[in-house]
Amino acid sequence: MTLLQAVAIGLLALIIAPGYLFYFDVTPKVVILLAGTGIALAWWGMAGSKGAGAGSQGMGAGGPGPAMGARFARGTPPWGPQPALRWFSWLLLLDVVSLSVSTAFSKSPALSAFGTNWRRFGSVIQAAVLVFAWLIASHTAGRPDRVKMILRAIATAGGISAVYGIAQYFGWDPILPAAAYHIGEGIWTIVRPPGTLGYASYFGTWLLFVAGLSLALADMETSSSLRRMAFAAAALSLAAMLLTGTRAAILGLAAGAAVWLYHSGFRLTRRKAAAVALILAAGAAFYFSPPGWKLRSRARWFAEDPWGGNRPNLWRDSLRMGLARLPLGYGPEVFTAAFPPFESKALAQAYPDFAHESPHNIFLDALISQGLPGLLILCALCASGLLIRGEALKPLACPRNRIRTALVAGIVSQQFTVFTLPTALIFYITIALAVGLTSDPVEPRRDWRFTFAAAPVALALIYLAARFTLADHALALARRSVESGDLRTAVAHYRQYQRWQPPGTTSDLWYSRALLGLAQKTPDFGQRFQAIAQSGAAAVRATQAAEDPFNAWYNMATLYASQNDWRRTEQSLRAAIAANPRWFKPHWTLAQLLRLENRMEEAETEA
């Protein structure tokens with residue numbers, strides 16, 4: 001099963017499917033996670049498990065063997081070998097329960113269950129991440145050889161993605177349009193390579209984890225050639241991470257380095273000082289060279305915006321939002337719809353036409369999604385990876401400290417971003433590997449009860465993976481048909497998408513706007529009439545299910561205005577204002593509408 005887990009981790013990080021899928025950088029990763037977790041769970045369930053609390057005298061390759069039993073006789077520390085895995089298992093279970101309760105009491109349970117289009121991180125996907133992490137911890141417990149295979153997969157995927165990110169920085173990208181990650185114009189153009197993770201900040205955080213875990217792998221490898229490959233993966237990951245220009249990742253790197261220096265008892269020798277000086281000189285030479293002008297542009301942005309945009313105001317407003325529903329939270333993935341009533345005037349003025357999709361902090365995200373229980377569980381999971389001690393496995397103290405360093409760096413970096421699927425998975429895998437290195441083996445045994453419980457869950461995950469694939473592919477075909485002007489085929493593909501799409505959010509808002517654009521371009525009056533009718537129907541559905549209802553209502557107002565239906569235009573604009581009180585656009589549009597109707601006092605109020 002280790003090979004299956006390693007392949008799933010590598011594929012999830014690397015896979016994107018532009019052209020074949022609509023959400024080409026999100027859906028493939030979701031499918032790999034669901035299918036991989038389902039297959040691994042079925043595999044584990046076929047043999048059953050003793051559970052996290054059971055130990056074994058036997059050991060696999062790389063374990064300390066009977067000495068572990070002797071240590072049990074002498075007693076273990078509070079965070080000793082087996083309690084670490086037991087605590088980790090219980091925390092994951094509590095997190096699944098908390099997610100389920102928050103989803104049940106969410107204002108949009110279906111959206112909370114299956115997630116938004118932009119990251120697909122609803123409670124079902126999060127639960128799959130937790131199950132996958134538990135399987136990693138249980139399968140690698142007391143088995144350093146299995147830990148090594150997982151780390152090799154991470155280092156390999158990290159090296160490949162780092163090379164791709166570096167190529168993106170230098171202008172070579174055969175897969176994605178470069179304009180998507182170029183910001184600005186002329187000499188101040190900023191390039192922020194997203195790699196295969198969709199956005200530079202998430203890519204930078206993921207590479208930060210990869211660098212630390214690759215160094216842990218180098219400590220475990222016995223072959224000099226494999227050690228060099230692990231060091232190469234770490235170096236490439238750090239280089240690509242710096243080229244993303246992600247300040248959060250750079251801060252995380254500094255924090256991780258400080259922790260590593262503290263634990264390793266680092267002493268600066270002349271040789272080490274010369275190596276550091278050489279690295280700094282090479283970095284400075286690149287920075288001031290012609291290829292480094294994109295980094296200099298990014299540094300200029302740093303100087304002009306030292307606080308990372310308006311994050312302090314966003315954090316303050318998000319905290320106020322979270323404190324309003326401490327017991328249960330609002331449910332996963334509803335931030336975009338639930339945040340506007342808590343948005344301050346300062347934040348709205350700084351970003352007047354921006355829909356905030358997250359609080360940009362993993363702890364605030366947990367507080368808002370799951371309330372105080374979710375926040376406490378996340379803090380406890382971080383502690384389970386940082387505070388464990390493994391006296392029974394002293395030969396593995398160095399890689400365990402490297403893993404701990406990677407976790408510290410990742411936690412610091414994610415104070416400025418929220419989890420996406422790849423960053424969440426590597427976060428929980430890092431903790432799982434730290435727990436596995438300080439735990440006894442968990443030997444599978446036949447248990448029909450575990451198999452009976454695991455089988456339907458595994459089948460459900462695989463079935464859900466198939467539905468996501470079919471729905472997203474049908475949506476991509478619908479877009480292709482709209483772009484080619486083939487309305488009939490577009491409608492047929494979109495109906496297939498609706499048939500397979502899991503409950504929750506939809507793409508009705510995009511579909512409505514796409515068909516309206518088609519109606520404006522087509523010279524065929526009959527096709528124009530049908531496109532407008534289909535666009536209107538999709539617009540109505542969007543007001544009921546969109547993850548950003550204020551946008552859906554504003555789109556509805558646009559459609560009614562094009563039909564000269566002033567009464568419904570006003571109703572839609574007021575619904576948009578109710579959904580997002582501080583968004584200027586519906587207020588200003590309503591002011592113009594009221595002015596045309598000679599309702600001047602009301603128009604002035606809206607203006």
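In this predicted model, the axes of helix H8 (residues 200-220) and helix H18 (residues 421-436) come within 9 Å and cross at roughly 25 degrees. An angle under 35 degrees counts as roughly parallel, so H8 is roughly parallel to H18. The crossing of H8 past H18 is left-handed.

On the H8 side, the residues that meet H18 are Tyr-202, Thr-205, Trp-206, Phe-209, Val-210 and Leu-213. Their partners in H18 are Pro-422, Thr-423, Ile-426, Phe-427 and Thr-430. Sorted by class, this contact has 8 nonpolar and 3 polar residues, and no charged residues.

H18 itself has 16 residues. From its first C-alpha to its last, H18 reaches 22 Å, close to the 22 Å expected at 1.5 Å a residue. H18 is also mostly covered, with 16 of its 16 residues buried.

H8 has another neighbour, helix H9 (residues 224-243). The axes of H8 and H9 come within 8 Å and cross at roughly 160 degrees. Angles over 145 degrees count as roughly antiparallel, and H8 and H9 are therefore roughly antiparallel to each other. Their crossing is left-handed.

H8 contributes Gly-204, Leu-207, Leu-208, Val-210, Ala-211, Ser-214, Leu-215, Leu-217, Ala-218 and Asp-219 to the contact with H9. H9 contributes Arg-227, Ala-230, Phe-231, Ala-233, Ala-234, Ser-237, Leu-238, Ala-240 and Met-241. By class, the contact of H8 with H9 has 14 nonpolar, 3 polar and 2 charged residues. Val-210 of H8 is listed in the contact with H9 and also in the contact with H18.

The two pairs are set out below.

| Helix pair | Axes come within | Crossing angle |
|---|---|---|
| H8 and H18 | 9 Å | roughly 25 degrees |
| H8 and H9 | 8 Å | roughly 160 degrees |

The loop between strand S2 (190-191) and H8 holds Gly-195. Is Gly-195 buried or exposed? Its relative accessibility is 1%, and buried means under 20%, so Gly-195 counts as buried.

Which residues does Gly-195 touch, not counting residues up to four places away in sequence? They are Tyr-164, Gln-168, Leu-176 and Phe-203. Gly-195 and Tyr-169 are 26 residues apart in sequence, and their C-alpha atoms are 9.6 Å apart in space.

Methods. Residues are numbered from 1 along each chain as its sequence is written. This is a predicted model: local features need pLDDT of at least 70, side-chain atom pairs count only at pLDDT 80 or more; totals for chains, interfaces and linings use all residues. Side-chain values use heavy atoms; hydrogens and water are left out. Axes are lines fitted to C-alpha atoms, for helices over the stretch in contact, and angles run from 0 to 180 degrees between N-to-C directions. Helices (H or I, at least four residues) and strands (E, at least two) are DSSP runs, numbered from the N terminus. Angles under 35 degrees count as roughly parallel, over 145 as roughly antiparallel, 65 to 115 as roughly perpendicular and the rest as oblique. A crossing is left-handed if the near helix is turned anticlockwise from the far one by less than a right angle, and right-handed if clockwise. Contact means heavy atoms within 4.5 Å. Ala, Val, Leu, Ile, Met, Phe, Trp, Tyr, Cys and Pro count as nonpolar, Asp, Glu, Lys and Arg as charged, and the others, Gly among them, as polar. The expected span of a helix is 1.5 Å times one less than its number of residues. Buried means under 20% relative accessible area, exposed over 50%, partly exposed in between (1.4 Å probe, protein chains only).
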